Each structure stands twice: as structure tokens, then as C-alpha cells.
Amino acid sequence: MKVINARLNHVNYDIFIHKGLLATLGEQLSTWYKGEFVAVITDSTVDQLYGSAIETSLKGVGYRINRITIPPGEQSKSLISLNYVYSKLAELAVDRSSLIIAFGGGVVGDLAGFAAATYMRGVPYVQVPTTLMSQLDSSIGGKTAINLKAGKNLAGGFYHPRAVYTDPLLLDSLPQKIYCDGLAEAIKYGAIKDSSLFDLMLRSENLASIDSNIEDILYSCCSIKTLFVQKDEFDRGERQLLNFGHTIGHGIERYFDYQKVTHGEAVGLGMLQITRCSEAMNLTSKGSYDAIEAVLKLCQLPTVIPSMDKTKLLEIISHDKKSKEGYLNLILLRNIGNAYIHQIAKTNLDSFII
Ligand SMILES: NC(=O)c1ccc[n+]([C@@H]2O[C@H](COP(=O)([O-])OP(=O)(O)OC[C@H]3O[C@@H](n4cnc5c(N)ncnc54)[C@H](O)[C@@H]3O)[C@@H](O)[C@H]2O)c1
Ligand SMILES: [Zn+2]
């Protein structure tokens, strides 16, 4: 079992990574959760695949459990689903002595985390992430949210889980496209902080050889995310480095109304685009672009940006909620494994979109 300890100002929690962990989840929880009831929030896809497995594991140590199921997909990160979850929690008489489990991908994690943060002003919860994206990113860091009509993740809060239980075996049922989407974030972690993680992926023969190292890759990614969260819990400084590829990536996702390009694909394209320009400006060491392009190809992620209207894209990026009045913090690589914040005037953004 690999364990990472997240030490924050007011909370401390462990991230456990182990193949087959789901089967022993009940035992793991029983070492510290002494209540009787567990509410498992999940989506119907994950429920069909692993609902009975989690139930068996939890009942095996004597917990009473109930599964609250939402439809799969981003549309469930909504006020309607949140309202449904609140009603179920009330119906099940969940209170602050109960435990909530967020069992699913980032959608379930963000929604269940927000419900746990706000129901009765906070019920303890744990994350049991089931997609690569959620295992190496969204389950760590305490950001919880739902989407509003006005934009993604607009209503939310910081609320850390009591623990994160990551079972890489759950990834076996993930469609390849969703799996590869998560790999884009792994590439990002390597690019900003860990050249050996990056090289491990780059030197892999194919997707299967990357997958054979997934437990180590997860451990490296989760360690990096934890490190940044510890240094900058509320995302005001160094945690911004995690946004490498995201400024342009978010722009691409929004440009196509979140329909044509997935998050991971957009982040991959964003990393490439910004590095192509920063390399040409001698802000990044030569060869970084080629290395990112090669590893994206290996992970079966796109490397060519679909044709877009530049003015419209620039406008979308300038209105990003993370941009400050007149300025934008771009994340650039000095070289692979080493990132920095480069502040530019919004009026200079076009030199990074060529
Ligand atoms: N809180 C954060 O810090 C943070 C960070 C990154 C992303 N996010 C959020 O995460 C969300 C995206 O998460 P995601 O990519 O995990 O998507 P997701 O939760 O929508 O899951 C993708 C699909 O995979 C299915 N699925 C989940 N686990 C499966 C499994 N083991 N086998 C087969 N199918 C499975 C789901 O039912 C869903 O259809 C976005 O809403 C994003 O905003 C949050
Ligand atoms: Zn991301």
C-alpha cells in the first residue's frame, strides 16, 4: 500500500493507493470511523460496475449502507442533482456523525464533496475515485463545486475529505478515451515538477506499458498535487503551476461549448500551444515542445488544434475567471520538470495564440 500524507493548516489526511483496495475499504474505514451508517454517493455507471462490491466491503465490517445514485456525466454537477442528494441525505437521516463516500469520477467527487461540505454545515466524507482524472487530480485538494448556468464550478467551497482511497484496478473498466484524458494531467505533473515521471511516460513503448506503471504514476502525480496543495491551500500562489496548459485549454473547451474537445485533450493542446510560443521566445528550453508532443501522441491524445477563430478564442481566455484585471498569469516551463508563473498584460496574449 502506498500512502501520501497531506498536511494542511487545519486538517491532515492520508491518500491510500493500492490495487484491490476496494475489497478492503470496509476494514480500512473501520480503523477510524466508529459510526454505523455510510451514505455512498455514486453515478449509475459506477454503481452498476462496483455498487455491490463496495456494499459487500462495507457491510462486511458491520456498517449499514445506502447508495445514492445520480446519472453519469457533467450535467449532474448541477443544483438539481445537489437538491436530489440533499433530499436523500435527509430521508436517510444522515447527520454529522455519519460518513459520506464520494464513489465515482470527478463529477461525483465534486458534487458529493459539496453536498458533504454544506449539508448540516459539514458531514465527514471520503473520496473513493474511480476515473484516472479523479484518482490523480480531483480527489485531492478539497475543491468541491457544482456548475451554474453562468459557468463551470461557480458554486463551491474548499472542504477536504477525511481520507482518499484509490484503487487503480477500478480503471480497468474505464473506456480508453476517458483513461487517456486522465493521462494528459499525468503528463502535466511530469512537465511542471517531475522530469523522471515525464521520462517514464515518454520512454514507454505504448499505452499498455504506461498502464503497467500506473500505480507508480498515480503515486507521483498525487504526491505532486499534495505538495502544491500543502504550499498553497487556497490557490493564490504556487498551486497555480497546476494550471499549466489550462489557460488555453479552458479556452478551447469553452470555444467548442464543452462538446468537441474533452478536458484532457484541451489541456494537452494548451500545453503544446503555450510551449511552442514560449520556446520561440526563448522563455523555455528547446526540445520541450517536441517532448510534450511525443508523449501526447503516445497517450493517444490529439496534437493538432482544431481550426478556430483567434479573436473569439482570445476573448474567451481574457474573460477566464482566473484572470486578473488587465493581467494574466501564464504558466510556462523553464524546461521539462520545471515550471514558473509568467505574468503578461492581456493585450500581449495574442503572441501566445499564434
Ligand atoms: N475538484 C477538483 O480539484 C477537480 C480537478 C479536476 C477536475 N475536476 C472535475 O472533474 C470532472 C471530470 O471528472 P472525470 O473526468 O472523472 O469525469 P466523470 O466523473 O464524468 O467520469 C467520466 C465517465 O466515466 C464513468 N466512470 C467513472 N468511473 C468509471 C469506471 N471505473 N469504469 C467505467 N466508467 C467509469 C462515469 O460514469 C462517467 O460517465 C469535471 O467536472 C471537472 O470540473 C475537479
Ligand atoms: Zn485539469
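## Who lines ligand 1

Helix α2 gives the most to the shell around ligand 1, with 4 residues. This is a predicted model, where local features need pLDDT of at least 70, side-chain atom pairs count only at pLDDT 80 or more, and totals for chains, interfaces and linings use all residues. Residues are numbered from 1 along each chain as its sequence is written, chains are lettered from A and ligands numbered from 1 in the order written, and side-chain values use heavy atoms, leaving out hydrogens and water.

In total, 25 residues surround ligand 1, with D43, E74, T130, T131 and S173 the closest (a residue counts if one of its heavy atoms lies within 4 Å). Sorted by class, that shell has 9 nonpolar, 8 polar and 8 charged residues.

## Contacts with ligand 1

Now for some polar contacts (pairs of N or O atoms within 3.5 Å). In the side chain of T131, an N or O atom is 2.5 Å from an oxygen atom of ligand 1. D110 has a polar side-chain atom 2.9 Å from a nitrogen atom of ligand 1. On its own, ligand 1 has 870 Å² of accessible area (Shrake-Rupley method, 1.4 Å probe), and the protein covers 85% of that.

## The zinc site

Which residues are the protein donors of the zinc ion (ligand 2)? They're E185 (OE), H246 (NE2) and H263 (NE2), lying 2.0 to 2.1 Å from the zinc ion (donors are N, O and S atoms within 2.8 Å of the metal, or 3.2 Å for Na, K and Ca). Their spacing in sequence is E-x60-H-x16-H. E185 sits in helix α6 and H263 in helix α11, 78 residues apart.

E185 counts as buried because its relative accessibility is 0% (buried means under 20% relative accessible area, with a 1.4 Å probe and protein chains only).

Technical notes
Helices (H or I, at least four residues) and strands (E, at least two) are DSSP runs, numbered from the N terminus. Buried means under 20% relative accessible area, exposed over 50%, partly exposed in between (1.4 Å probe, protein chains only). A polar contact is a pair of N or O atoms within 3.5 Å; within protein, one must be able to donate a hydrogen and the other to accept it, and residues adjacent in sequence count only if both atoms are side-chain atoms. Ala, Val, Leu, Ile, Met, Phe, Trp, Tyr, Cys and Pro count as nonpolar, Asp, Glu, Lys and Arg as charged, and the others, Gly among them, as polar.
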